[in-house]
Amino acid sequence: MNIGILGSGRVGSALGRQWARLGHAVMFGSRTPDRLRDMVKSAGPNARAGTSEEVVAFADVILLSVPWTATRETVTSVMDWRGKVLIDAVNRLRDLPPVDSIGASSEDVAHWARGARVVKAFNTIGSEVMDQPVFDGDRAALLLCGDDPDAKAVVAGLASEIGFEPVDAGGIKMSEIVDHMTRLWIGLATNTPLGRNFAFKLLSRD
Ligand SMILES: NC(=O)c1ccc[n+]([C@@H]2O[C@H](COP(=O)([O-])OP(=O)(O)OC[C@H]3O[C@@H](n4cnc5c(N)ncnc54)[C@H](OP(=O)(O)O)[C@@H]3O)[C@@H](O)[C@H]2O)c1
């Protein structure tokens, strides 16, 4: 699969490197692609760097992992999102919603990325855990929200490949609730001895 990364920082590089190692073709996007040279080299022969425009033209699935404050500009600078699966890992957290917000941050992203099939994912987990989502044989839960079942299946597959246990959390509206889990994760990471090397696990019975 051709995967693009918009925002190749902690989250983008951690996930993109894993997908490249697994054999996917990955293009890491940056405002200054040359600065990614070392990271791209370490990601192996399936990785390359490009501009945002090149990333979106190249990829079927695009991970959005920029700061919230850069999200609107990044997403609306893309001319044609039609058919692309857009994984939204962005957290709005303490940043204020825009005055014309239509709801949860992912609803805004879906509104701006007209035609994209948006799936909220990877936002309830620290970037360190993205490298190693398996804890003594237990796979960390990865909550996915989105309105397109096929897009969610694609993202669930990519999450599963790198060791997560995907959990379908419902439509994109549910991302507002899932965002509270991110706040819980950050609260635990900053106020308890857990630190950042933990993840949530979901237990259920048939
Ligand atoms: N860190 C975590 O543990 C974690 C976990 C889950 C979700 N998230 C969310 O994922 C997103 C990325 O987090 P991160 O920790 O990976 O951030 P980061 O390390 O700061 O990387 C963000 C990347 O976005 C790019 N970017 C594009 N426009 C930008 C702008 N105007 N200002 C600053 N950077 C810009 C930068 O790449 P270039 O300079 O190369 O363009 C930068 O490398 C955030 O929304 C965050 O809330 C983070």
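**Entry 1: ground rules**

I call a residue buried when its relative accessible area is under 20%, exposed when it is over 50%, and partly exposed in between, using a 1.4 Å probe and protein chains only. By that rule, phenylalanine 122 and phenylalanine 164 are both buried. The model I am reading is predicted, so I take local features only at pLDDT of at least 70 and side-chain atom pairs only at pLDDT 80 or more, while totals for chains, interfaces and linings use all residues. I number residues from 1 along each chain as its sequence is written, and my side-chain values use heavy atoms, with hydrogens and water left out.

**Entry 2: the whole chain**

I looked up the secondary structure and found 8 helices and 10 strands in the protein chain. These are DSSP runs numbered from the N terminus: helices are H or I with at least four residues, strands are E with at least two. The radius of gyration is 16 Å, close to the 17 Å that the globule rule gives for 206 residues, so the chain is as compact as a globular protein of that length. (The radius is taken over C-alpha atoms, and the rule is 2.2 Å times the number of residues to the power 0.38.) Along the principal axes, the C-alpha atoms fill a box of roughly 40 × 40 × 35 Å.

How much of the protein chain is buried? I noted 50% of the 206 residues. I then checked contacts, meaning heavy atoms within 4.5 Å. Among contacts with a separation of 6 or more, 65% are between residues 24 or more positions apart.

**Entry 3: charges**

I found 23 positive and 25 negative side chains, and the centres of the two sets lie 4 Å apart. Lys and Arg count as positive, Asp and Glu as negative; His and the chain ends are not counted. Each charge is placed at NZ of Lys, CZ of Arg, CG of Asp or CD of Glu.

**Entry 4: aromatic pairs**

Rings of Phe, Tyr and Trp (its six-membered ring) pair if their centres lie within 6.5 Å; planes under 30 degrees apart are stacked, over 60 edge-to-face, and the rest tilted. I see 5 such pairs in the structure. Phenylalanine 122 sits in the loop between β6 (117-120) and α6 (127-131), and phenylalanine 164 in the loop between α7 (149-161) and β10 (165-168), so the pair ties together parts 42 residues apart in sequence. Tryptophan 185 and phenylalanine 198 are another pair, this one stacked, at 5.0 Å centre to centre and 15° between the planes. Tryptophan 185 belongs to helix α8 (residues 175-191) and phenylalanine 198 to the segment after α8, 13 residues apart. Tryptophan 185 is buried at 5% relative accessible area, and phenylalanine 198 is buried at 8%. I also noted that Trp19, Phe122 and Phe164 form one aromatic cluster.

**Entry 5: phi angles**

Most residues other than glycine have a negative phi. Where did I find positive values? Phenylalanine 122 has a phi of about 65°, and its relative accessible area is 1%, so I count it as buried. Aspartate 136 has a positive phi near 45°. Aspartate 136 is in the loop between β7 (134-135) and β8 (138-139), and is exposed, with a relative accessible area of 84%.

**Entry 6: across the chain**

Leucine 194 lies in the segment after α8 and is partly exposed at 46% relative accessibility. I looked up its separation from arginine 48, 146 residues away along the chain: their C-alpha atoms are 35 Å apart.
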